[in-house]
Amino acid sequence: MLALACALAIVAVLLAWPAPVALARAAWPSRAPARALLVWQAIGLAGGLSMIGALALAGLAVAPTRPALAVTPAAALAAYLLAHLAVVVVRVERQRRRHHALLELLSSPHPTRKRTRVLDDASPVAYCLPRGVRSLTVLSRGLLERLEPDELAAVVAHERAHVEQRHDVLLVAFRAWHAALPRFPVAGLAVREVAGLVELLADDSARRSVPDAVLARAILAVSAGRAAEAAEGAEAPRARDRVRRLGGGRATRAAARARATPARG
Amino acid sequence: MAVEVAGVASLGELERSVMDVLWESDAPLTAYDVQARLERDRRPLAVTTLLTVLSRLEKKAFVSSDRSARPHRYRATASRADHVAELMHEVLGGAADRGAVLERFVGGVSAEDAAMLRRLLAGGEGG
């Protein structure tokens with residue numbers, strides 16, 4: 001029993017430190033973000049379960065005659081993690097409800113696009129507020145003025161992918177893990193990586209409907225005039241990959257295609 | 001179901017119109033005042049409907065009411081500009097867990113990466 005507990009503890013340690021660090025450093029997740037996200041979920045779930053399992057087995061090895069007492073530490077850890085998940089889910093849902101209420105008062109429905117609101121603000125902003133079937137895509141007036149129709153299509157495809165693929169659920173789970181273990185650097189690393197990978201995945205959806213060069217133009221237009229803020233998130237490796245992927249051979253070919261059929265007047 | 005969705009959507013529009021009236025007014029207004037101001041540019045609305053809308057807005061803390069006066073007087077708790085600022089603060093950062101609430105198209109692009117993209121696009125379009 002003790003040997004099994006030790007073996008499971010080793011698995012837990014591997015999943016808590018070397019495995020996520022290696023995954024975050026690897027280059028392949030930028031090419032296959034969907035697969036990388038599956039691996040992150042597997043690491044998170046298996047890491048938690050192996051930690052709980054190791055605690056339970058160690059408890060049973062130490063106090064085999066009192067099983068109820070023996071599994072108490074494991075049960076406490078499980079309850080701690082689940083409680084954090086519940087707290088984060090409730091807090092985020094409350095913030096989203098407030099944001100939704102503000103949007104109802106301050107934005108107007110987009111004349112043609114469903115579940116899309118237009119915010120009367122000069123800065124170019126696009127985002128989605130994920131709330132299941134009530135999810136909204138929000139576009140600012142500044143964005144609509146600045147983007148060409150094909151660039152806007154790229155932005156909308158990107159945001160729709162976030163909503164349809166329920167990236168918010170994935171992110172909330174990893175944020176809850178981070179909230180439960182705030183001093184554990186790998187939890188923060190996991191949140192940054194997962195957040196970066198869902199952007200790549202949403203970009204991949206957009207790239208299926210528009211050439212890379214169009215998406216690149218949209219990213220530039222939206223990030224323009226926001227130099228002061230650009231530091232935020234820009235240092236995360238996956239955020240850099242997002243831009244660099246568009247600069248690869250495919251982007252050059254796409255740019256050539258865009259040149260052959262001038263979409264921009 | 002479709003009828004219900006349409007009803008909710010129009011209720012949202014109604015809330016927006018009522019808030020616009022309250023934001024434009026310097027003094028607290030009764031439901032009758034709101035009705036009179038709304039009727040300038042739309043078909044008549046029942047006062048009971050407006051009271052429902054006002055109580056919904058009060059529940060969301062966008063409106064406060066003076067219940068000592070008869071009829072009750074309503075006012076916006078904050079200006080439109082304050083609410084826009086709250087919204088944009090949440091969208092553009094500052095709020096600690098903004099990333100948890102909404103997913104933005106672009107979080108940040110470093111100057112170096114932006115320059116790289118610009119070079120790429122210039123080469124693609126100019127050549």
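**Interface and local geometry of chains A and B**

In this predicted model, chain A and chain B bury about 4,700 Å² between them, and carbon and sulfur atoms give 61% of that area. Three leucines stand out on the chain A side. A:Leu105, A:Leu106 and A:Leu220 supply 16% of the area that chain A buries against chain B, more than any other three residues. In terms of contacts, 59 residues of chain A meet 44 residues of chain B. Charged pairs also cross the interface of the two chains, where five salt bridges are found. A salt bridge joins the side chains of B:Glu13 and A:Arg117, with an N to O distance of 4.0 Å.

Chain B contains six helices and three strands. Their order along the sequence is α-α-α-β-β-α-α-β-α. Of the 127 residues in chain B, 41% are buried. The accessible surface of chain B is about 6,800 Å², and 54% of it belongs to carbon and sulfur atoms. Among contacts in chain B with a separation of 6 or more, 40% link residues 24 or more positions apart.

Helix α4 of chain B runs through residues 80-92. Its 13 residues reach 18 Å from the first C-alpha to the last, close to the 18 Å expected at 1.5 Å a residue. Buried positions in α4(B) are B:His83, B:Leu87, B:Met88, B:Glu90 and B:Val91. These residues lie on the same side of α4(B), because they cover an arc of only 155° around the axis. B:Gly93 follows α4(B) and has a positive phi, near 115°.

Backbone geometry in several loops was also examined. The peptide bond from B:Arg70 to B:Pro71 is cis, with omega near -10°. B:Pro71 sits in the loop that connects β1 (63-66) to β2 (73-76) of chain B.

Positive phi values also occur at residues other than glycine, including B:Ala61 and A:Arg166. For B:Ala61, phi is about 70°. This alanine belongs to the loop between α3 (47-59) and β1 of chain B. B:Ala61 is partly exposed, at 44% relative accessibility. For A:Arg166, phi is near 50°. The loop that holds A:Arg166 lies between α8 (149-164) and α9 (167-180) of chain A. A:Arg166 has a relative accessible area of 36% and is likewise partly exposed.

Key: Residues are numbered from 1 along each chain as its sequence is written. Chains are lettered from A and ligands numbered from 1 in the order in which they are written. This is a predicted model: local features need pLDDT of at least 70, side-chain atom pairs count only at pLDDT 80 or more; totals for chains, interfaces and linings use all residues. Side-chain values use heavy atoms; hydrogens and water are left out. Helices (H or I, at least four residues) and strands (E, at least two) are DSSP runs, numbered from the N terminus. Buried means under 20% relative accessible area, exposed over 50%, partly exposed in between (1.4 Å probe, protein chains only). Contact means heavy atoms within 4.5 Å. Accessible areas come from the Shrake-Rupley method with a 1.4 Å probe; for residues, only the protein chains shown count as cover. The expected span of a helix is 1.5 Å times one less than its number of residues. The arc is that of the directions from the helix axis to the C-beta atoms. Buried area is the accessible area (1.4 Å probe) that two parts lose on being put together, summed over both.
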